[in-house]
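The following note concerns the charged side-chain pairs in this structure. Please read each point alongside the sequence and the coordinates.

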Amino acid sequence: MKCPFCGYADTRVIDSRLGKEGNSIRRRRECTQCERRFTTFERVEDMLPLIVKKDGRRQPFDRKKIIAGIQRACEKRPVSIATIEKIVDNLERQLQETGDREIESSVIGQAVMDALHDLDQVAYVRFASVYRQFKDINEFMAELKDILAEGGNSREP
């Protein structure tokens with residue numbers, strides 16, 4: 001493992017522990033050259049389906065991209081990174097359980113919107129405004145009216 005500080009290629013494992021969910025291993029490492037320590041996480045590489053975009057392109061599932069999109073929607077909202085990661089973990093599990101080799105990006109977008117709808121209404125509207133590409137203020141207002149009609153409160157699981 002290459003040291004993130006000095007780039008030296010030789011590091012040693014100091015400590016290994018099972019991750020919180022039991023699906024990863026957390027390792028503390030030390031560089032043998034600069035002697036700085038850092039943490040790595042090891043997880044099983046999942047066989048996730050290819051994502052079929054609206055224009056027909058196919059891309060591999062990118063966990064970081066989904067997390068970044070949710071983080072943007074939850075900016076300045078009381079939503080922890082642990083909660084965001086839990087949403088993405090659940091999404092990955094659902095995708096694996098389908099057994100499909102390809103899945104439409106709209107399915108993923110809808111799953112994220114559903115999770116945000118139950119979690120934080122403001123984050124939901126932010127995500128929906130980008131995902132659904134509202135054409136004008138009337139479409140945006142219609143979505144807000146639907147939320148207000150439901151009268152739901154935001155909550156963090």
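1. Glu102 and Arg58 form a salt bridge in this predicted model, with 2.6 Å between the closest N and O atoms. The pair links distant parts of the chain, since Glu102 belongs to strand E6 (residues 102-104) and Arg58 to strand E5 (residues 58-60), 44 residues apart. Glu102 is partly exposed at a relative accessible area of 37%, and Arg58 is likewise partly exposed, at 45%.

2. Asp120 and Arg77 meet through their side chains in a salt bridge, at 3.0 Å from N to O. Asp120 sits in the loop between helix H3 (105-119) and helix H4 (121-131), and Arg77 in the loop between helix H1 (63-73) and helix H2 (81-98), so the contact ties together parts that are 43 residues apart in sequence. Asp120 has 2% relative accessibility and therefore counts as buried, whereas Arg77 is partly exposed, with a relative accessible area of 28%.

3. A salt bridge also joins Glu42 to Arg27, whose closest N and O atoms are 3.0 Å apart. Because Glu42 lies in strand E3 (residues 37-43) and Arg27 in strand E2 (residues 24-31), this pair ties together parts that are 15 residues apart in sequence. Arg27 counts as buried at 18% relative accessibility, since the cut-off for buried is under 20%. Glu42 is partly exposed, with a relative accessible area of 40%.

4. For the overall tally, the count of salt bridges in the model comes to nine.

Methods: Residues are numbered from 1 along each chain as its sequence is written. This is a predicted model: local features need pLDDT of at least 70, side-chain atom pairs count only at pLDDT 80 or more; totals for chains, interfaces and linings use all residues. Side-chain values use heavy atoms; hydrogens and water are left out. A salt bridge is a side-chain nitrogen of Lys or Arg within 4 Å of a carboxyl oxygen of Asp or Glu. Helices (H or I, at least four residues) and strands (E, at least two) are DSSP runs, numbered from the N terminus. Buried means under 20% relative accessible area, exposed over 50%, partly exposed in between (1.4 Å probe, protein chains only).
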